[in-house]
Amino acid sequence: MKRANDLLLKAVNKVAVLIILTFSINLFFSGHHHPGGGFIGGLGVSAALILLFLTYDIETVTENIPVDFKKVGAVGVLIALVTGMGSFFFDAAFLSQTFGYFDLPVFGKTELATALLFDLGVALAVIGSSVTIIQTISEDE
Amino acid sequence: MSWSWFHIIILIPFIFAIFVPILYKQFNPRIHTGWFVLFIPVFLFIYFLRFIPKLSNGESILLTAPWIPSVGINFSTYLDGLSLIFGLLISGVGALVVLYSIYYMSKDREALHNFYVYILLFMGAMLGVVFSDNLFVLYVFWELTSISSFLLIAYWYERKRSRYGAQKSMLITIFGGLSMLAGFVMLWMMTDSFSIREIISQRDVLAGHSLFLPAMLLLLLGAFTKSAQFPFSIWLPDAMEAPTPISAYLHSATMVKAGIYLVARFTPVFGGSVEWFWIVSGIGIITLLYGSITAVRQIDLKALLAYSTISQLGLIMSLLGLGSASVYYVNQEEIAFYAVAVLAAIFHLINHATFKGSLFMVVGIIDHETGTRNIRRLGGLLSLMPISFTIALIGSFSMAGLPPFNGFLSKEMFFTGVLNSTSLPIYGMDKFGVIFPIIAWIASIFTFIYCMILLFKTFTGRHYPERLEKEAHEAPIGMLIPPVIMASLVIILFFFPNLLSEYLLQPALMAILPGVVETGGIDVHISAWHGWTTELFMTLGVVGIGTIMYMTLGKWKGIYRLFSQEGRLNILYDQGIINLESFSQNLTNRYMTGSVRTYLVYIFTFMILMVGGSLVLLNGLTYDFTNDAPITIYEIGIVVGIIISGVIVVFAKSRLTAIIALGALGYLVSILFVLFRAPDLALTQLVVETATVALFLLCFYHLPEFKKKGKGVGFKFTNLVISLGVGVLVTTFALSADGTRLFEPISGFFEQSYELAGAKNIVNAILVDFRGFDTMLEIVVLMIAALGVYTLIKLRLARRDGEE
């Protein structure tokens with residue numbers, strides 16, 4: 001995907017991608033109590049990546065982010081599966097989630113939930129699959 | 001209900017299979033991978049041996065491990081005499097075959113990791129079949145044996161014959177397996193139980209049930225296809241394309257006997273009915289005759305052994321059928337009289353594994369050392385391969401039913417069983433019973449002839465070194481050990497049959513014929529000499545006439561030319577496959593047009609019919625507007641906007657306009673979500689909309705011309721009807737969904753998300769916790785879709801590159 005050297009787009013992009021990525025991560029973590037979560041967080045990350053693809057050509061982006069997104073997606077699915085099986089060790093049914101409150105040094109009293117791990121898998125799977133689709137379609141001339 | 005060591009030990013082959021590729025990578029070619037694998041069957045064999053004392057007095061062990069307890073499917077293992085014999089056969093023959101394969105399969109040329117993974121898969125599956133008490137667990141393992149057999153036959157997949165044979169065996173055995181599944185479902189419907197134990201205990205309920213006969217026929221279909229009974233036997237000769245250790249293991253000693261196992265296992269359920277008696281014994285005896293007559297004409301040693309296996313399986317099957325008459329009786333004397341056939345069946349099952357296993361291994365040696373299995377090219381190997389000759393002599397004389405080999409004993413018992421059955425006053429045997437001994441006798445003559453062909457055509461006569469691909473010489477010692485062990489068993493079993501009978505045969509007999517236990521058991525004493533009985537005269541006749549016919553083979557063999565070499569059944573099968581393929585291709589081409597629009601038409605029509613149909617049929621069309629919130633001016637505004645952008649999408653002059661209008665529509669919907677206080681949905685909708693529009697723009701150049709000569713997609717009446725239908729359907733569906741309350745709403749449960757999942761965000765708690773399973777499968781689907789897009793596009797690119 002060769003594209004004209006669009007200065008305006010590039011300038012905005014530098015700031016925008018950072019903001020989108022930060023926002024997506026925020027969305028991901030806040031999902032437990034506020035709007036957000038793995039699905040939407042993952043979509044946000046892929047939106048940032050799509051913006052990169054649109055601004056620069058795909059070769060440049062893949063060169064700078066040398067990640068195989070097929071593998072990212074596969075790892076995501078695996079994480080979801082493995083965290084689901086994690087409950088076997090506690091004699092609970094597949095995909096049982098639990099949560100607890102802990103005192104952490106910096107954060108103070110924090111709630112930690114196993115659902116977050118599962119959600120991470122969801123986020124990675126979403127990123128992996130959406131970016132894979134977009135990458136392959138745009139590579140196809 | 002808990003997991004025990006026994007369950008885990010049955011699953012050991014599966015677990016170990018995971019490590020085989022790692023071991024192969026680490027140690028090949030320094031150490032042959034087979035040495036590692038060998039531990040498994042040896043361990044299993046010793047482990048099973050330890051059960052003999054406990055089971056020999058008729059006890060049985062039932063262990064249940066929960067698997068899917070909510071639907072009553074548990075991994076329950078049942079250990080009795082019958083399953084123990086099979087367990088010992090599977091692990092014992094398995095150990096010998098693995099040892100043999102270490103010398104047979106070259107570690108430099110062959111993909112050993114595949115080979116041993118398949119073998120272990122098979123071993124585990126087979127153990128699962130014989131030890132499962134739960135019908136559906138049994139079924140799963142049963143199909144796994146078919147699949148691993150498919151993989152093993154196609155092991156040399158670059159050969160066309162291997163692929164053909166693998167496909168054939170797969171089609172036939174899986175067909176049988178599916179019929180068997182239907183039979184199992186019927187059994188479950190009749191008894192409301194998945195456990196074979198319980199089904200047997202409810203046999204009184206079964207006998208009068210209308211599904212009794214269908215269930216029996218379907219179950220037998222599974223057994224007959226697996227055990228290569230006529231007319232399903234055609235797959236077995238083609239399965240001989242597998243490496244010889246596999247033929248020895250799967251296609252003679254173990255897998256093909258799964259059908260026998262099934263028949264034996266279900267004899268207490270179905271035995272005693274006239275249909276079971278006639279079908280099992282009839283098909284068995286026909287198979288016996290067909291296999292032995294066809295074996296005589298074979299010129300490939302392995303094909304000869306394949307047909308002989310078919311015929312021997314038929315023999316065992318017919319014995320089981322005849323013996324099932326014993327279930328009919330309650331009197332101890334009569335039970336014992338007819339139970340001899342069943343005893344002969346089990347005894348012959350073991351004997352067949354020993355002599356046929358050794359013969360297969362010898363044929364493998366001949367193939368390995370001379371480069372051919374063709375009888376016409378072989379000859380005079382006696383002086384070159386004396387040890388192999390000795391083994392072959394023991395094996396084939398035992399198969400022919402001569403003393404002092406175990407085959408003689410079980411052949412005598414076979415004759416006894418057949419003769420006893422002629423005195424049956426039931427099932428119309430008083431009229432037709434006499435054909436059984438006659439067929440058995442004729443088939444035995446042919447068995448004798450092909451045994452002699454196997455032995456003498458290969459090892460005696462003139463040796464023509466120029467006809468062989470390699471210079472013939474004796475096999476390495478490691479390759480000879482397994483067949484030597486089997487051949488010595490052949491002799492040992494002849495001299496000490498009662499050892500086997502006391503510890504293995506009797507418990508197995510009790511498992512097959514529960515009546516035997518109730519009446520206090522029968523005295524099982526096998527001896528070689530009974531005096532001048534009819535059986536002995538029959539054997540003498542077989543030897544006499546067999547020898548004469550073998551001597552004059554050249555004179556009458558021409559008769560075989562009247563029948564085509566391939567066999568009618570094979571031709572029928574091949575034509576069937578061709579017709580089936582072209583038929584399904586035609587059918588598929590008719591509706592798979594390759595145009596997305598057509599597919600959308602199918603999908604939407606189906607949706608209208610299914611959803612709309614059930615709405616109307618189930619009286620779902622009820623509306624209830626009383627609890628609805630008032631509609632605000634904002635909502636009206638947004639909906640009007642949505643309608644306008646929808647209309648623009650349809651009537652847009654350029655594709656770009658259409659895409660942008662579609663995007664606008666999506667964003668408006670997300671504003672609706674905001675109004676209804678669903679921020680999660682709104683956010684997701686926003687990002688999804690953005691991503692889709694970007695995707696559309698990416699594909700922009702690839703899509704076909706939007707308009708041809710200013711005519712758009714064109715107006716089609718059917719499309720109008722379908723789109724209107726979808727719109728009406730979705731609207732009425734949404735409205736009546738609100739008005740109908742079939743169940744108590746479950747939203748109350750979700751509202752406790754903070755207490756239950758520690759999450760204040762209900763939506764997310766539902767996604768990752770309450771309905772986590774849905775989400776997991778969703779991301780799997782997503783990933784599959786992504787990989788699908790990837791492979792489709794990459795494939796197309798690769799093909800295009802290939803054409804250039």
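Chain A, read from the N terminus, runs α-α-α-α-β-β-α. That gives five helices and two strands. Keep in mind that this is a predicted model.

Next, the dimensions of chain A. Its C-alpha trace spans about 55 × 30 × 25 Å along the principal axes. The chain has 141 residues, and 41% of them count as buried. Now take the contacts in chain A between residues at least 6 apart in sequence: 67% of these join residues at least 24 apart.

On to where the two chains meet.

Now chain B. It is divided into domain 1, residues 5–551, and domain 2, residues 596–763. The centres of these two domains of chain B, taken over C-alpha atoms, are 61 Å apart.

In soluble globular proteins, nonpolar side chains tend to be buried together. The largest core here has 210 residues, and the members touching the most others are Leu120(B), Val342(B), Ile346(B) and Leu509(B). Which helix gives this core its largest share? Helix α16 of chain B, residues 332–370, does, with 24 residues. There is also a second, separate core of 48 residues, which includes Leu43(A), Ala47(A), Ala80(A) and Phe118(A).

Definitions and conventions. Residues numbered from 1 in each chain as written. Chains lettered and ligands numbered in written order. Predicted model: local features only at pLDDT ≥ 70, side-chain atom pairs only at ≥ 80, totals over all residues. Domains from an automatic or database assignment. Core = buried A, V, L, I, M, F, W, Y, C linked by C-beta atoms within 7 Å. Buried ≥ 20, exposed ≤ 12 C-beta atoms within 10 Å, placed from the backbone. Helix = DSSP H or I, 4+ residues; strand = E, 2+ residues; numbered from the N terminus. Contact = placed C-beta atoms within 7 Å.
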